[in-house]
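Residue contacts and surface features are taken up in between.

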Amino acid sequence: MLAIGVYFLRSSKTTGLREYFLGGRKMNPYVTALSAQASDMSGWMLMGLPGAIVVAGMGQAWIGIGLAVGSYLCWLFAAKRLRKHSVVSGNAITMPEFFSNRFHDDKGYLRLISTVIILFLFTIYVASGFKSCGAVLEMALGIGLEVAIIVGVVITVAYTMMGGYKAVCWADFTQAILMVICVVVVPIAAINAMGGWGEVTSAWDALDIEGFTNLFYDSGEPITVIALVSALAWGLGYFGMPHIVIRYMSIRNPNEIKIARRVSLVWIVIALSAVVLMALVGRVYFAGQTPGVDYDAEHIFLMLSSSLFAPFVCGIMFAAILAAIMSTVDSQLLVATSSITNDIMSKSKRRTYSDSKLGWVSRVLVVVISVIAALLALYGSDNIMGLVSYAWSGFGAAFGPLMILALFWKRMNLQGAMASMVVGFATVILWESFMDFTGLYSLLPGFVFAFIAGVAVAMMTPPPSQEIQDEFDEAQVYEEPVEGSA
């Protein structure tokens with residue numbers, strides 16, 4: 001990862017913001033697809049999800065199903081439109097800049113609100129990544145958690161600072177390949193070690209958890225409608241994830257979105273299916289021990305790797321989970337810093353900053369945000385799944401409905417955009433604080449209320465200017481210029 005960072009630092013011909021934050025819109029569809037999925041899944045895929053399945057059973061897999069469906073629908077409906085519209089709308093290179101340009105927000109209200117939300121939620125999200133990273137290194141090397149987190153922070157921050165978006169994407173591409181290989185190998189090795197598939201199924205039958213392998217059971221009870229809907233609602237988050245949708249904006253040609261979409265779907269189906277199987281097999285592999293008492297359920301991948309493989313191979317398996325974590329953290333750090341440098345500082349009317357200076361300011365901000373997130377990882381929540389769930393919900397509700405309305409509804413205006421963003425974010429905060437007892441995932445009410453607020457306020461206020469409507473029409477028919485043409 002460090003070598004990739006050094007390569008792109010040395011080979012980059014420019015330190016301009018579009019090169020640093022978006023790779024100059026020259027990313028091929030395979031790198032785009034796998035980097036999007038790697039930056040999406042994080043340590044959650046190898047720690048949070050399998051941990052939930054180990055404790056509660058197959059019913060928790062609905063989260064993975066919701067994510068797979070949501071990811072595909074976002075690629076299908078939003079990716080190509082966003083790639084085109086981001087170019088037409090002032091060649092935007094970040095999500096806040098796209099929203100601002102799309103609605104001609106000359107006073108920067110959308111950029112400011114977006115930046116506040118992004119910094120708040122990404123600090124939580126990055127903290128969950130650092131906590132996962134620390135847990136892996138602590139178990140692998142036998143070092144203290146504090147030292148382990150610092151090591152993970154230093155490596156991730158180093159290659160993110162050096163190479164920018166291209167380094168992040170190529171690192172994520174490499175990590176995505178490693179991740180999917182390892183999550184497929186581990187359950188196969190565990191099944192073999194137990195004596196075959198028949199032994200595994202017999203062990204499941206012996207568990208005292210009713211319906212452990214039943215998709216419609218959760219913690220030994222039939223899954224409720226609220227639990228099922230909440231799990232599937234995770235898929236809505238994709239439309240509002242800044243570190244994922246930026247991949248759509250960076251692909252070199254909108255017509256290559258179809259290739260990226262198919263590659264992405266294949267990867268996510270294989271990876272999530274293997275993770276679910278790994279968790280189910282892992283529960284009976286350590287059947288004599290109780291999750292939460294004898295071991296941390298979120299460490300099941302680490303425990304299986306340590307038990308099944310020789311130290312060298314085990315090291316590669318541990319590297320896979322570090323890859324999952326780092327591939328998300330680097331993307332989030334880059335988006336968080338771009339929200340300040342590109343969306344606030346570069347738009348300042350009081351002072352002009354060169355692209356070179358903004359690039360280096362961004363690198364400093366990577367360090368600052370990482371330090372804050374590391375402190376939160378050390379002294380905040382111990383639950384990785386909880387941290388990710390909160391941040392995912394916040395982003396999905398604040399930006400998801402607005403993204404859909406901005407790309408598909410010509411009548412959407414600035415006032416509706418601000419209402420949608422604020423209502424979505426506020427709903428998640430209030431729901432998590434006061435309505436958690438309902439069992440309904442906060443993303444769903446946040447998404448619904450934000451969508452309603454955006455439409456209602458837009459209809460009650462004047463329509464967008466003719467210029468904005470003309471840009472919307474232009475985006476629908478935009479074609480990427482042939483390279484080298486006038």
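Helix H10, residues 242-250, is mostly covered, with 9 of its 9 residues buried. The buried residues of H10 are Pro242, His243, Ile244, Val245, Ile246, Arg247, Tyr248, Met249 and Ser250. The model is a predicted one, and the values below are computed from it.

A search of the whole structure finds 14 aromatic pairs. In one of them, Trp234 and Tyr441, the ring centres are 5.0 Å apart and the planes meet at 20 degrees, so the pair is stacked. Trp234 sits in the loop between helix H9 (225-232) and H10, while Tyr441 sits in the loop between H16 and helix H17 (443-460), so the contact ties together parts that are 207 residues apart in sequence. Trp234 and Tyr441 are both buried.

Tyr285 and Phe286 make an edge-to-face pair, with 5.0 Å from centre to centre and 75 degrees between the planes. Which of these two residues is buried? Phe286 counts as buried because its relative accessibility is 10%. Tyr285, with a relative accessible area of 24%, is partly exposed. Elsewhere, Phe98, Phe99, Phe122, Tyr125, Phe395 and Phe399 form one aromatic cluster.

**Salt bridges**

How many salt bridges does a search of the whole structure find? The search finds 2. In one, Glu256 is bonded to Arg252, and the closest N and O atoms are 2.9 Å apart. Glu256 counts as buried at 16% relative accessibility, whereas Arg252 counts as partly exposed at 40%.

Asp473 forms a salt bridge with Lys410, again with the closest N and O atoms 2.9 Å apart. This pair links distant parts of the chain, 63 residues apart: Asp473 belongs to helix H18 (residues 466-477), and Lys410 to the loop between helix H15 (384-408) and helix H16 (414-434).

| Residue | Relative accessibility | Class |
|---|---|---|
| Glu256 | 16% | buried |
| Arg252 | 40% | partly exposed |
| Asp473 | 34% | partly exposed |
| Lys410 | 30% | partly exposed |

**Nonpolar surface**

Ile65, Val69, Leu73, Leu76, Phe77, Leu232 and Phe408 make a nonpolar surface patch of about 540 Å². Which helix gives the largest share of the nonpolar patch? Helix H4 (residues 62-88) does, with 5 residues. An α-helix has 3.6 residues a turn, so residues three or four places apart point the same way. Phe77 is one of the patch residues and lies in helix H4. Its relative accessible area is 44%, so Phe77 is partly exposed.

**An exposed glycine**

Gly288 is found in the loop between helix H11 (257-285) and helix H12 (300-308). Is Gly288 buried or exposed? At 78% relative accessibility, Gly288 counts as exposed.

**Cysteines**

A disulfide is a covalent bond between the sulfur atoms of two cysteines. A search of the whole structure finds 0 disulfides. Cys133 is in no disulfide, and the nearest cysteine sulfur, which belongs to Cys314, is 15 Å away. The cut-off for a disulfide is a pair of cysteine sulfur atoms within 2.5 Å. Cys133 has a relative accessible area of 2% and is therefore buried. Cys74 is also buried, with a relative accessible area of 1%.

**Overall fold and dimensions**

The protein has 18 helices and 2 strands. Of its 486 residues, 59% count as buried. Along the principal axes, the C-alpha trace spans about 70 × 50 × 40 Å. How does the radius of gyration stand against a compact globule, and what is its value? A compact globule of 486 residues would have a radius of gyration near 23 Å, and the protein has 22 Å, which agrees.

Key:
Residues are numbered from 1 along each chain as its sequence is written. This is a predicted model: local features need pLDDT of at least 70, side-chain atom pairs count only at pLDDT 80 or more; totals for chains, interfaces and linings use all residues. Side-chain values use heavy atoms; hydrogens and water are left out. Patches are made of residues with over 30% relative accessible area and no salt bridge: like charges are joined within 9 Å, nonpolar side chains (Val, Leu, Ile, Met, Phe, Trp, Tyr) within 5 Å. Accessible areas come from the Shrake-Rupley method with a 1.4 Å probe; for residues, only the protein chains shown count as cover. A salt bridge is a side-chain nitrogen of Lys or Arg within 4 Å of a carboxyl oxygen of Asp or Glu. Helices (H or I, at least four residues) and strands (E, at least two) are DSSP runs, numbered from the N terminus. Buried means under 20% relative accessible area, exposed over 50%, partly exposed in between (1.4 Å probe, protein chains only). Rings of Phe, Tyr and Trp (its six-membered ring) pair if their centres lie within 6.5 Å; planes under 30 degrees apart count as stacked, over 60 as edge-to-face and the rest as tilted. The radius of gyration is taken over C-alpha atoms; the globule rule is 2.2 Å times the number of residues to the power 0.38.
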